[in-house]
Amino acid sequence: MKLHLAANSGNSYKVRILLSLLKVPHETVRVDMKNREHKQPAFLKLNPRGEVPVLEDEGVVLWDSAACLVYLARKHGGEQWLPTAPGPMAEVMQWVALAGNEIQFGLQYARRGMLQGRWTAGTLEQGQAIGRVALEALELRLKDNKWLAMGRPTIADVACFPYIETAPESKVPLDPFPATQAWLARCKALPGWAKREL
């Protein structure tokens, strides 16, 4: 198994977290984003979107972090990380969807704008407002629950974690969200949870 990633990418980090939790042997390939390797023809053959991560495994090539999490969870995690029953699976996937919507378009886009000085869509204020919608949803859930779904760690937690942790980099403080802060600490305390930096 091979994971193409960039160190600063939260979407790459999601996949690294799950690979580490599941103890899946893999090779990591750093993509040189500064020199736009991700936009070159060789990489675009792997991912036509020209983004990281990309996961390769026995002829399967996946280029979306949610798809990578689903694949790894079902191949290596059994029922623990992504159940197969319709209700439980949907409970997990609604949080994975939040990660790909309000968290991505809010906190991640605002963070990238702050770090790189370029805006993919909208303004900093718009990104922050969308990101707060996600944070309020998490806080509401986590006030009475330790985990986002199923009463246990699942790919819901893995999917949401990276850009929630870095919300302050998008100038969205986490102080108003104590239950979310406690959840971040619980996630990092799980055996095998990968550290952010490679």
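Mentor: A residue counts as buried under 20% relative accessible area, as exposed over 50% and as partly exposed in between, with a 1.4 Å probe and protein chains only. This is a predicted model, in which local features need pLDDT of at least 70 and side-chain atom pairs count only at pLDDT 80 or more, while totals for chains, interfaces and linings use all residues. Residues are numbered from 1 along each chain as its sequence is written, and side-chain values use heavy atoms, with hydrogens and water left out.

Trainee: Why is Ser65 called buried?

Mentor: Ser65 has a relative accessible area of 9%, and because the limit for the term is under 20%, Ser65 is classed as buried. Ser65 belongs to helix α3, which covers residues 65-76, a helix here being a DSSP run of H or I with at least four residues and a strand a run of E with at least two, numbered from the N terminus.

Trainee: Which residues are in contact with Ser65, once its neighbours within four places in sequence are left aside?

Mentor: Contact means heavy atoms within 4.5 Å, and on that basis the partners of Ser65 are Asn11, Lys14, Val15 and Pro53. For the protein, contacts with a separation of 6 or more come to 66% from residues 24 or more positions apart.

Trainee: How do you know that the radius of gyration agrees with that of a compact globule?

Mentor: The rule, applied to C-alpha atoms, is 2.2 Å times the number of residues to the power 0.38; for 198 residues a compact globule would come out near 16 Å, and the protein has 16 Å, so the two agree. Along the principal axes, the C-alpha atoms fill a box of roughly 45 × 40 × 30 Å, and 47% of the residues count as buried.

Trainee: What makes a set of residues a nonpolar core, and which members of the largest one touch the most others?

Mentor: The set must consist of buried Ala, Val, Leu, Ile, Met, Phe, Trp, Tyr and Cys residues joined through side-chain atoms within 4.5 Å. The largest such core has 52 residues, and Leu18, Ile155, Trp183 and Trp193 touch the most other members. Among the elements giving two or more residues to this core are β1 (2-5), α1 (10-21), α3 and α5 (86-116), while α7 supplies the largest share, eight residues. Apart from this core lies another of six residues, including Val31, Phe43, Val52 and Val54.

Trainee: What does Trp193 contact beyond four places in sequence?

Mentor: The partners of Trp193 include Tyr13, Ile17, Leu21, Val158 and Phe161, as well as Cys187 and Lys188.
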